[in-house]
Amino acid sequence: MIIHVALGVLRMFATVLGDLLLPHGCAGCGIPDAVLCGRCGSLFGDVHERPLGGHESCLTCAVYEGAVRHAILSWKDHGYEACDDRFADSLVTLVDGRIPPRGVCCVVPVPSSDKSIRRRGRWHTRQLSRAMVSLIRRRGREALLVPALCMRGNAGKSVEIGHGGQRVARANRRIHVRGRRQTLLRGRTVVVVDDIVTTGATMARCANILRRSGAGDVICVALAHAVDRRHEGDRGEGHG
Ligand SMILES: [Zn+2]
């Protein structure tokens, strides 16, 4: 715990120092003085409905390629945390008309493995979900961050040596709902948040678990979806 806090403080200083010495430009194209320039930002303004199998589908803002891919990787793997609010805005716009005007909406991040969280220094979909909750509240509705899903156990090296499909399948089997958080979901609209949807298997599993745990409406959202399987290696962890 103390080590985590110390690492967090060190990271914060490193980020501040980094921003002073090497100011980030646009996360998508690198032009100066913008977290996301107008052109790259507009790429996150679409509405795509990607089937996940069965009756399930996932809404995404963009196709995972070009500047969109660059922006997402800058954010999730290179610590460009200033994108949290900008990406949250795109996702909230995506779900705005679908969450009920009354009642509490639960925002649930897709889980990351402990290893990925250690490597990145944060659980990026959780931070994104937190930013979404703030925005939904600012728009006058009740929202709760409920990190109800987790990856249980350690799949060890078999996760690393498996090819993409095996890796995703093994990681998906490890996703579970946290018992005590389950009660917060009952009967409520739940928005599940991921960064990229590739095969859709991870999102489908999350939606399935949440429904079985008593969630009401389950709305799946992600920043982008991959149009083919070539980009799966970029994900860096067992999402699908
Ligand atoms: Zn740009």
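Biologist: Is Cys-29 buried, partly exposed or exposed?

Modeller: Cys-29 counts as partly exposed in this predicted model, because its relative accessibility comes to 37%, and that value lies between the 20% limit for buried and the 50% limit for exposed.

Biologist: And what about Cys-40, buried or exposed?

Modeller: Cys-40 is buried, with a relative accessible area of 1%. The pair links distant parts of the chain, since Cys-29 sits in the loop between α1 (2-21) and α2 (38-42), while Cys-40 belongs to helix α2, 11 residues apart.

Biologist: Which atoms coordinate the zinc ion?

Modeller: The zinc ion is held by the SG atoms of Cys-26, Cys-29, Cys-37 and Cys-40, at 2.3 Å. Along the chain these donors follow the spacing C-x2-C-x7-C-x2-C.

Biologist: What geometry does the site have?

Modeller: The site of the zinc ion is tetrahedral, with angles of 102 to 114° among its four donor atoms. For reference, the ideal angle for four tetrahedral donors is 109.5 degrees.

Biologist: Switching to the fold, how many helices and strands are there?

Modeller: The secondary structure comes to 10 helices and eight strands. Six strands form an open sheet with mixed pairing, in the order β1-β2-β8-β7-β3-β4. β1 (48-53) and β4 (142-145) stand at the edges, each with a single partner strand, so one side of each has no neighbour in the sheet. From one strand to the next, the twist averages 30°.

Biologist: In what sense do β1 and β2 pair?

Modeller: β1 and β2 pair in the antiparallel sense over five bridges, with Glu-49 standing opposite Leu-59 in β2. Their hairpin has two residues between the strands, and Gly-54 takes a positive phi near 65° there.

Biologist: And β3 with β7, parallel or antiparallel?

Modeller: Strand β3 (residues 104-109) and strand β7 (residues 189-197) pair in the parallel sense, over five bridges, and Val-107 stands opposite Val-191 in β7.

Biologist: Which residues have the most contacts inside the largest nonpolar core?

Modeller: That core has 44 residues, and those with the most contacts inside it are Phe-44, Ile-72, Phe-87, Leu-91, Met-132, Val-191 and Val-221. Several elements each supply at least two of its residues, among them β2 (56-63), α3 (66-77), α6 (124-138) and β8 (218-225), while α4 gives the most, with seven residues.

Biologist: What does Val-221 touch?

Modeller: Not counting residues up to four places away in sequence, Val-221 touches residues including Cys-58, Leu-91, Met-132, Val-191 and Met-203. There is also a second, separate core of 25 residues, which includes Leu-52, Cys-58, Leu-149 and Ala-215.

Biologist: Taking the whole protein, what share of residues count as buried?

Modeller: Of the 240 residues, 48% count as buried. Among contacts between residues at least 6 apart in sequence, 77% join residues at least 24 apart.

Notes
Residues numbered from 1 in each chain as written. Predicted model: local features only at pLDDT ≥ 70, side-chain atom pairs only at ≥ 80, totals over all residues. Heavy atoms only, no water. Pairing = 2+ DSSP bridges. Helix = DSSP H or I, 4+ residues; strand = E, 2+ residues; numbered from the N terminus. Axes fitted to C-alpha atoms, helices over the stretch in contact; angles between N-to-C directions. Core = buried A, V, L, I, M, F, W, Y, C linked by side-chain atoms within 4.5 Å. Buried < 20%, exposed > 50% of the residue type's maximum accessible area, 1.4 Å probe, protein only. Contact = heavy atoms within 4.5 Å. Donors = N, O, S within 2.8 Å, 3.2 Å for Na, K, Ca; no water. Tetrahedral: all angles 85-135°; square planar, octahedral: opposite > 155°, others 65-115°.
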